[in-house]
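Me: I should like to learn how to read the helices of a model. Please take me through them one feature at a time.

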Amino acid sequence: MSLVILSGEVDMSAEDELAEILLAEVALPGISCVQIDLDAVEFLDSSAINVLVRVFNAAHEAGRELHLVRAHQTPLKVLEMTGLMPLLAPGGGGTVSDPGR
């Protein structure tokens, strides 16, 4: 498992770097699951959602899992409104978990 911790505002100014980092994590040998910790994220925009969809598809094609953990408040609301949480929450149940628990 790999854990990527995001913080601050995840918007179009971070889109290319975010995609590069997450796609590299998904491609690492021996990694079956990449978790993205959103605890310190204050804002997600549509470009971040686009990156998450691209990375989810890449992970799925590689036979790997991609999960969002510790999403809260505004980021969680955006993810729920887009319908991504059922796909990206651990267990596919639409809830988020703490990777340390």
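Me: Which exposed residues does the face of helix 3 turned away from its buried side carry?

Reply: Some conventions come first. This is a predicted model, in which local features need pLDDT of at least 70, side-chain atom pairs count only at pLDDT 80 or more, and totals for chains, interfaces and linings use all residues. Residues are numbered from 1 along each chain as its sequence is written, and side-chain values use heavy atoms, with hydrogens and water left out. Helices (H or I, at least four residues) and strands (E, at least two) are DSSP runs numbered from the N terminus. Buried means under 20% relative accessible area, exposed over 50%, and partly exposed in between (1.4 Å probe, protein chains only). On helix 3, the face turned away from the buried side carries Gln73, Lys77 and Met81, which are exposed.

Me: Which residues of helix 3 are buried, and why do they line one face?

Reply: An α-helix has 3.6 residues a turn, so residues three or four places apart point the same way. In helix 3, Pro75, Leu76, Val78 and Leu79 are buried. Seen down the axis, these buried residues fall within an arc of 160° (taken from the directions from the helix axis to the C-beta atoms), so they line one face of helix 3. Their cover includes strand 2, helix 2, strand 3 and helix 4, where contact means heavy atoms within 4.5 Å.

Me: How is helix 1 to be read, in its span and in its buried residues?

Reply: The expected span of a helix is 1.5 Å times one less than its number of residues. For the 13 residues of helix 1 (residues 15-27) this gives 18 Å, and the end C-alpha atoms are 18 Å apart, which agrees. Leu18, Ala19, Leu22, Glu25 and Val26 are buried in helix 1. They cover an arc of only 135° around the axis, which puts them on the same side of helix 1. Asp16, Glu17, Glu20 and Ala27 are exposed on the face turned away from that buried side. Strand 1 (2-10), strand 2 (33-44) and helix 2 (46-61) are among the elements that cover the buried residues of helix 1.

Me: At what angle do the axes of helix 1 and helix 2 cross?

Reply: Two packed helices are described by the angle between their axes and the distance between the axes. Axes are lines fitted to C-alpha atoms, for helices over the stretch in contact, and angles run from 0 to 180 degrees between N-to-C directions. The axes of helix 1 and helix 2 cross at roughly 20° and come within 10 Å. That makes helix 1 roughly parallel to helix 2 (angles under 35 degrees).

Me: Which residues of helix 2 are buried?

Reply: They are Ser47, Ala48, Ile49, Val51, Leu52, Val55 and Ala59. The elements they pack against include strand 3 (65-69), helix 3 (73-82) and helix 4 (85-88).

Me: Which glycine with a positive phi follows helix 2, and where do Arg70 and Gln73 lie?

Reply: Gly63 follows helix 2, with a positive phi near 75°. Arg70 lies in the loop between strand 3 and helix 3; although not a glycine, Arg70 has a positive phi of about 60°. At 27% relative accessibility, Arg70 counts as partly exposed. Gln73, in helix 3, has a positive phi of about 40° and is not a glycine either.

Note on methods. Parallel < 35°, antiparallel > 145°, perpendicular 65-115°, else oblique.
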